[in-house]
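The following explanation is intended to be read beside the model. Please keep the sequence and the coordinates in view while reading.

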Amino acid sequence: MTAAGASKTYTIPVGPLHVALEEPMYFHFDVEGETVRDVDIRAGHVHRGVEYLTAKRSIYQNVVLVERICALCSNSHPETFVMACEQIAGLEIPERAAYLRVIAAEIKRIASHLFNLGILAHLTGYDTLFMHAMQVREIMQDVKETLFGNRMDIGAMCIGGVRYDLDAETTAYLNAALDKLAPEAEALAETFRSNRTILRRARGVGTLSHNQAIACAVVGPVARACGLDYDVRVAAPYAAYDRLKVDVPTLADGDVWSRAMIRMAEIGVSIRLLRDCLRDLPGGPTRLPDRPDIPAGRAMGKCEAPRGELVYFLKTNGADEPERVKWRVPSFPNWDALAFMLRGAKIADIAIIVNSIDPCVSCTER
Amino acid sequence: MTRVPEDIRARLDAAAPAGIDYEATVSPQGAVTAWCGLANSEDLLSVGETLLRLGARLAMISALQPPAPEEEEEQETEEGAEADKPTKEPPKTFGGTPLDGTSYEIDYHFVLGGDFVTITAYLPAGGSISSLTPMFRSADWPEREIMEMYAIVIRDHPDPRRLFLDPAIESAALERLIPYSTLVNAASTKGLWDKVLAAKGSAS
């Protein structure tokens with residue numbers, strides 16, 4: 001590698017397999033002493049051709065396939081895909097299904113955010129906090145196992161509604177779990193807000209400015225930590241979000257700590273949403289009675305996944321298989337912002353900054 | 001929050017002198033989904049500039065090779081693709097690109113507030129289109145992905161390297177059937193199959 005300009009910079013590779021990165025991604029850092037000057041990202045280590053597979057399976061089989069694109073936002077993929085199908089077929093889902101979709105999505109969001117916050121603690125070397133966050137997350141993992149029978153791929157979505165229901169027993173269980181979670185989450189938030197180890201490692205580190213955030217088209221907590229007030233649940237409500245009060249927390253600093261605090265605040269929002277849903281949950285069927293054919297057409301679907309706006313494009317031609325399914329996960333534009341966050345950063349902070357966009361590699365590369 | 005303005009159709013019309021095919025739907029919750037086909041793919045840059053001025057965010061770019069209507073065979077197999085071409089005059093897209101299974105459709109999905117505006121450009125086989133990356137930073141990766149997945153030429157891309165695929169893999173990967181063993185470079189697969197056949201032979 002030729003060092004750019006002065007002979008003072010040299011290149012260090014990080015990845016594709018690296019202890020600090022949970023998934024394979026290959027970085028080339030131009031460094032000067034301990035300071036990162038430039039970064040080049042080389043992707044593709046978990047490219048699996050899922051887009052090709054979607055064209056070989058029927059629309060109904062694809063509901064199952066797209067759930068397997070990613071583990072942490074597994075529910076958001078089928079959720080958005082079935083919304084696009086429903087748009088094309090002109091279906092309106094039952095009221096109860098709309099609320100149950102919100103419940104599934106918010107449970108997944110809490111578990112996903114707690115995972116990312118736990119990893120942040122781990123990367124700062126504060127492993128007690130890491131284990132504590134993972135223990136709190138275990139409450140939501142147990143909820144998923146109890147309500148859906150699975151801890152990651154919950155299989156809750158179907159075209160025309162949902163594939164699960166809540167009865168008196170599971171509702172009481174979920175309510176009790178939220179009562180247990182709420183004080184734990186508040187205590188965690190207080191630790192992230194005030195602990196000096198966290199503050200020293202995360203404040204003012206990996207900064208992304210408001211204008212850079214707009215230029216990179218970042219979404220989700222990364223955007224909201226730069227003061228961009230955009231949340232699909234509010235900007236284009238779906239499911240039952242138009243009947244619920246969704247707070248959109250934003251911060252101005254755009255550093256690692258702000259992104260963590262946005263996720264922490266969103267856990268609180270999700271807990272309130274879950275309680276509101278359980279309070280307002282209407283009766284009635286959980287899905288449409290039959291499996292409708294999806295006619296020829298095109299549709300755009302989008303939802304607020306834990307990492308931000310997830311977009312689906314679906315084009316059908318009346319056949320069983322879709323003509324084209326294309327999606328863009330929230331991590332996809334967020335990678336680009338790393339170039340700005342990492343310039344000027346210390347080598348020791350690379351892992352913390354990369355983790356702060358909550359990157360999902362299997363989602364990005366599909 | 002900026003949403004799609006009332007006069008979006010007139011603005012897009014003014015930016016695309018060759019003409020547009022505009023259609024919009026509004027969801028029960030009020031979100032607009034607009035679709036705008038371009039008669040001439042060369043109008044993409046001026047349409048992009050109009051949307052940039054409106055504060056639109058380029059959320060995604062989808063490319064596809066629409067199959068010819070009533071024609072079952074897509075260009076999936078390497079062999080025989082030429083032989084399957086329809087002999088009659090193929091139907092055409094808006095703007096006159098032949099819809100024969102070899103042409104391309106590229107959809108640029110913009111987000112304005114909570115609304116979608118999708119700009120569609122049609123390209124014949126071997127066609128090329130301008131890069132939006134100098135205008136929208138977020139077009140960089142999607143355009144690089146399109147260049148490796150399809151035989152589409154994107155002009156003036158500032159960094160036209162491979163995104164996901166290794167340079168050793170032939171381009172237009174999504175237009176061909178690549179056997180799984182080739183894809184993952186699984187040298188053991190044939191050996192495994194030979195073993196299976198040998199075991200079957202000795203059993204019978």
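This is a predicted model: local features need pLDDT of at least 70, side-chain atom pairs count only at pLDDT 80 or more; totals for chains, interfaces and linings use all residues.

Residues are numbered from 1 along each chain as its sequence is written, and chains are lettered from A and ligands numbered from 1 in the order in which they are written.

Chain B contains an open sheet of 5 strands with mixed pairing, arranged in the order S1-S2-S5-S4-S3. Helices (H or I, at least four residues) and strands (E, at least two) are DSSP runs, numbered from the N terminus; two strands pair if DSSP finds at least two bridges between them. S1 and S3 of chain B each have a single partner strand and stand at the edges, so one side of each lacks a neighbour in the sheet. From one strand to the next the twist averages 15°, where angles run from 0 to 180 degrees between N-to-C directions and axes are lines fitted to C-alpha atoms, for helices over the stretch in contact.

Strand S1 (residues 20-26) and strand S2 (residues 32-38) of chain B are antiparallel and share 7 bridges; Val26(B) lies opposite Val32(B) of S2(B). These two strands form a hairpin with 5 residues between them, and Gly30(B) in its turn has a positive phi of about 95°. S2(B) then pairs with S5(B) in the parallel sense over 5 bridges, with Ala34(B) having Val117(B) of S5(B) as its bridge partner. Helix H1 (residues 8-15) of chain B packs on the sheet and touches S1, S2 and S5 of chain B, its direction making about 160° with that of S1(B).

S5(B) and S4(B) pair in the antiparallel sense over 9 bridges, and Val111(B) has Phe116(B) as its bridge partner in S5(B). They also form a hairpin, here with 2 residues between the strands, and Gly113(B) in the turn has a positive phi of about 60°.

Why is S4(B) described as largely enclosed by the rest of the structure? The reason is that 9 of the 9 residues of S4(B) are buried; a residue is buried if 20 or more other C-beta atoms lie within 10 Å of its own, exposed if 12 or fewer, and partly exposed in between, with C-beta atoms placed from the backbone. In a regular strand the side chains alternate between the two faces of the sheet. In S4(B), Tyr104(B), Ile106(B), Tyr108(B), Phe110(B) and Leu112(B) point one way, whereas Glu105(B), Asp107(B), His109(B) and Val111(B) point the other way, and all are buried.

Asp156(B), with phi near 60°, is in the loop between strand S7 (153-155) and helix H4 (180-183) of chain B. Asp156(B) counts as exposed because it has 12 C-beta neighbours inside 10 Å. Ala172(B), with a positive phi of about 60°, is found in the loop between S7 and H4 of chain B. Ala172(B) has 15 C-beta neighbours inside 10 Å and therefore counts as partly exposed.

The contact between the chains takes 27 residues from chain B and 25 residues from chain A; two residues are in contact if their C-beta atoms, placed from the backbone, lie within 7 Å. On the side of chain B, the elements giving two or more residues are strand S3 (57-64), strand S4 (104-112), strand S5 (115-123) and helix H3 (140-149). S3(B) provides the largest share of that side, 6 residues.

In chain A, the axes of helix H6 (residues 168-194) and helix H11 (residues 256-280) come within 10 Å and cross at roughly 160°. That angle makes H6(A) roughly antiparallel to H11(A) (angles under 35 degrees count as roughly parallel, over 145 as roughly antiparallel, 65 to 115 as roughly perpendicular and the rest as oblique). Residues making the contact include Leu174(A) and Leu178(A) of H6(A) and Ile267(A) and Ile271(A) of H11(A).

Val66(A) is located in helix H2 (residues 59-67) of chain A and is buried, with 26 other C-beta atoms within 10 Å. Leaving aside its neighbours within four places in sequence, Val66(A) is in contact with His77(A), Pro78(A) and Phe81(A).
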